[in-house]
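Hi everyone, thanks for coming.

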Amino acid sequence: MIAIVDYGAGNLVSVKKALDWLDQDCAITSDPSTVAKASKIVLPGVGHFAATVALARSGLQDAIAGAIGRGVPFLGICVGMQWMFERSQESPETPGLAVFPGECERFPAKVKSPHVGWNQLEVDESSRLFHDVSASPFVYFTHSFRVPVGKATTACCDYGGSFSAAVEQDDLFGVQFHPEKSGEIGLKLLANFCTL
Amino acid sequence: MLTKRIIACLDVDNGRVVKGVQFLNLQDAGDPAALAKAHSESGADEIVLLDISAAHQRRATLLDTVRRAAAQLFIPFTVGGGIRTLEEAVAVFSAGADKISVNSAALADPTVITRIAARFGSQAVVVAIDAKRRPDLLHWEAFSHGGRTSSDRDAVEWAREAESRGAGEILLTSMDRDGTALGFDCELTRTVADAVRIPVIASGGAGGAQHFVDVFGEGHADAALAASIFHYGFSRIADLKQELGSQGIPVRWPC
């Protein structure tokens with residue numbers, strides 16, 4: 001069963017709907033013991049980075065960290081990806097999971113923020129998540145903070161300079177865009193994650 | 001590069017799309033769910049469903065319509081029309097909408113913007129502004145209730161306030177151009193787009209590809225919305241996008 005982690009922020013219906021469409025056994029849950037037993041974990045995130053503090057308080061963070069330690073595949077979406085890093089300028093006092101080093105930062109003032117709409121990626125061909133997807137697909141973004149390009153970056157996007165659109169390391173995956181809202185390409189990515 | 005979005009709008013009355021449609025191979029051209037899917041497949045970057053039903057009919061049909069449309073839609077899906085409270089917004093989100101659009105309710109009580117944004121994030125709140133040029137021709141007034149009621153508020157000021165209260169996007173309809181096919185009101189669009197930092201979706205007046213070129217260039221729009229042109233003017237939104245691409249407008253392609 002794929003656990004879609006609910007920490008009380010935002011709308012998880014779209015992610016559930018996409019996994020249902022792919023015929024996956026999945027459930028939205030806020031229960032740490034359900035997350036601990038899941039075969040895969042998806043953490044959708046919308047809204048403010050500070051809201052992720054609920055993950056630590058509810059025991060969900062420990063369940064996620066434990067599962068990751070056992071090699072359970074994990075996918076963070078949007079703020080869910082940002083939470084995989086150490087911290088964010090959006091809420092410096094809120095620690096992230098820190099499975100990746102670095103800090104989420106603001107967009108430079110020269111571009112409108114939030115970054116909303118379809119933008120094009122440059123994908124590293126070694127990515128497992130992007131297996132069988134074109135090298136420069138369009139995907140749907142909506143976010144105000146971003147992860148700088150680093151060692152784990154597998155897809156870059158340019159908006160006021162290049163940033164990490166996707167990160168990947170072993171069975172840890174993060175996407176800044178919304179695969180559940182990115183048409184056929186997004187469904188293909190989710191299908192790739194589901195068949196890991 | 002961030003692309004300019006082409007948004008297909010479905011005006012729905014009591015569960016049926018009201019503007020005539022001419023999609024080929026569509027068994028039921030009045031079914032919002034079937035049309036939303038057809039638009040998505042023909043290249044729309046986003047779907048907006050506006051419920052124009054009378055209030056007493058709305059509750060019964062809207063959620064079912066949203067649920068059926070959302071089940072097979074994997075691009076952003078905005079729902080608007082008569083959403084007045086956080087509770088109503090919650091129901092529409094639960095039915096599968098990604099964003100909700102508020103107009104009259106926000107004019108009546110702007111705190112509704114903040115309340116919905118606090119729960120679902122600013123990216124999920126679109127403030128729709130129906131703007132009509134004032135007699136001085138230099139300003140625009142925001143109207144509520146489907147353009148029937150004057151709010152006596154300046155549309156540009158209202159857009160700024162909506163942004164400060166937590167709106168994630170502005171859906172800006174020119175009442176002067178709506179339904180005319182004479183082109184978007186680029187002056188209105190540019191004035192609002194330059195006054196806020198959030199994306200502005202231009203609406204009202206689309207009649208041909210050049211109108212989109214104009215509103216993305218001269219009008220500084222981030223996205224453009226149309227309804228009937230996608231039913232009559234172009235058999236496929238992809239054809240419009242191809243034309244825009246050839247004129248140097250960045251669009252999602254192939255779509």
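Predicted model: local features only at pLDDT ≥ 70, side-chain atom pairs only at ≥ 80, totals over all residues.

Chain A has 6 helices, along with 12 strands. If you draw a box around its C-alpha atoms along the principal axes, you get roughly 45 × 40 × 30 Å. And 54% of the 196 residues count as buried. Now take the contacts in chain A between residues at least 6 apart in sequence: 66% of them join residues at least 24 apart.

Let's zoom in on one helix, H4 of chain A, residues 60–69. Which residues are buried there? They're Leu60(A), Gln61(A), Ala63(A), Ile64(A) and Ala67(A). Looking down the axis of H4(A), the buried residues fall within an arc of 160°, so they line one face of the helix. And what do they pack against? Several elements of chain A, among them strand S1 (2–5), helix H3 (53–58) and strand S4 (74–78). After H4(A) comes Gly71(A), with a positive phi near 85°.

Next, where the two chains meet. Chain A puts 27 residues into the contact and chain B puts in 25. On the chain A side, the elements giving at least two residues each are helix H1 (13–21), strand S7 (115–123), strand S8 (138–143) and helix H6 (183–194). The largest share, 6 residues, is from S7(A). By class, that side of chain A has 10 nonpolar, 12 polar and 5 charged residues.

Last stop: the largest nonpolar core, with 148 residues. Ile100(B) is one of the residues with the most contacts inside that core. Beyond its close sequence neighbours, within four places, Ile100(B) is in contact with residues including Val79(B), Phe93(B), Ile116(B) and Val125(B). Ile100(B) sits in strand S5 of chain B, where it points the same way as Val102(B), while Lys99(B) and Ser101(B) point the other way. Buried or exposed, those four? All are buried. S5(B) also pairs with strand S4 (residues 77–80) of chain B, in the parallel sense, over 3 bridges. There, Gly80(B) stands opposite Ser101(B).

That's my tour, thanks!

Conventions:
Residues numbered from 1 in each chain as written. Chains lettered and ligands numbered in written order. Buried ≥ 20, exposed ≤ 12 C-beta atoms within 10 Å, placed from the backbone. Contact = placed C-beta atoms within 7 Å. Nonpolar A, V, L, I, M, F, W, Y, C, P; charged D, E, K, R; others polar. Arc of directions from axis to C-beta. Core = buried A, V, L, I, M, F, W, Y, C linked by C-beta atoms within 7 Å. Pairing = 2+ DSSP bridges.
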